[in-house]
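Work through the exercises below with the structure open. Each task is followed by a stepwise solution.

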Amino acid sequence: MQKLFLRLFKSYGGTILPPNAAIRLVLPDGSEARVGNPDAKPADLATVHVRDGALFSKAVMRSDIGLGEAYMDGDFVTDDIYHMIEVI
């Protein structure tokens with residue numbers, strides 16, 4: 001089920017991000033995925049370290065509220081939350 005929500009998150013994220021932006025996901029197993037523009041410049045790229053795959057279902061099911069809840073629940077961390085918000 002988690003893989004399904006990851007696929008949906010990537011698809012959904014690709015549609016809501018600005019055309020020049022991307023999010024680099026570092027998954028709990030250490031692998032990486034990217035959502036959005038594969039050629040995004042550093043100013044348009046945010047890195048998210050996923051601690052719990054629940055992030056994906058929360059964001060897909062509840063959009064920005066779900067993303068905020070996932071952050072508050074510790075499902076992901078980012079080096080700079082303000083930059084991430086600017087990117088998305």
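**Exercise 1.** Classify the exposure of Asn20 and list its contacts.

Step 1. Asn20 has 38% relative accessibility, so this residue is partly exposed (buried is under 20% relative accessible area, exposed over 50%, partly exposed in between; 1.4 Å probe, protein chains only).

Step 2. Asn20 sits in the loop between α1 and β1 (22-26); helices (H or I, at least four residues) and strands (E, at least two) are DSSP runs numbered from the N terminus.

Step 3. Leave out residues up to four places away in sequence. Asn20 then touches Asn37, Ala40 and Asp44 (contact: heavy atoms within 4.5 Å).

Step 4. Check the side chains. Those of Asn20 and Asp44 form a polar contact of 3.1 Å (a pair of N or O atoms within 3.5 Å; within protein, one must be able to donate a hydrogen and the other to accept it, and residues adjacent in sequence count only if both atoms are side-chain atoms).

The model is predicted: local features need pLDDT of at least 70, side-chain atom pairs count only at pLDDT 80 or more, and totals for chains, interfaces and linings use all residues. Numbering starts from 1 along each chain as its sequence is written, and side-chain values use heavy atoms, without hydrogens and water.

**Exercise 2.** Describe how α1 and α2 cross.

Step 1. The axes of α1 (residues 2-16) and α2 (residues 54-72) come within 8 Å and cross at roughly 50 degrees. Axes are lines fitted to C-alpha atoms, for helices over the stretch in contact; angles run from 0 to 180 degrees between N-to-C directions.

Step 2. α1 and α2 are therefore oblique (under 35 degrees is roughly parallel, over 145 roughly antiparallel, 65 to 115 roughly perpendicular, the rest oblique).
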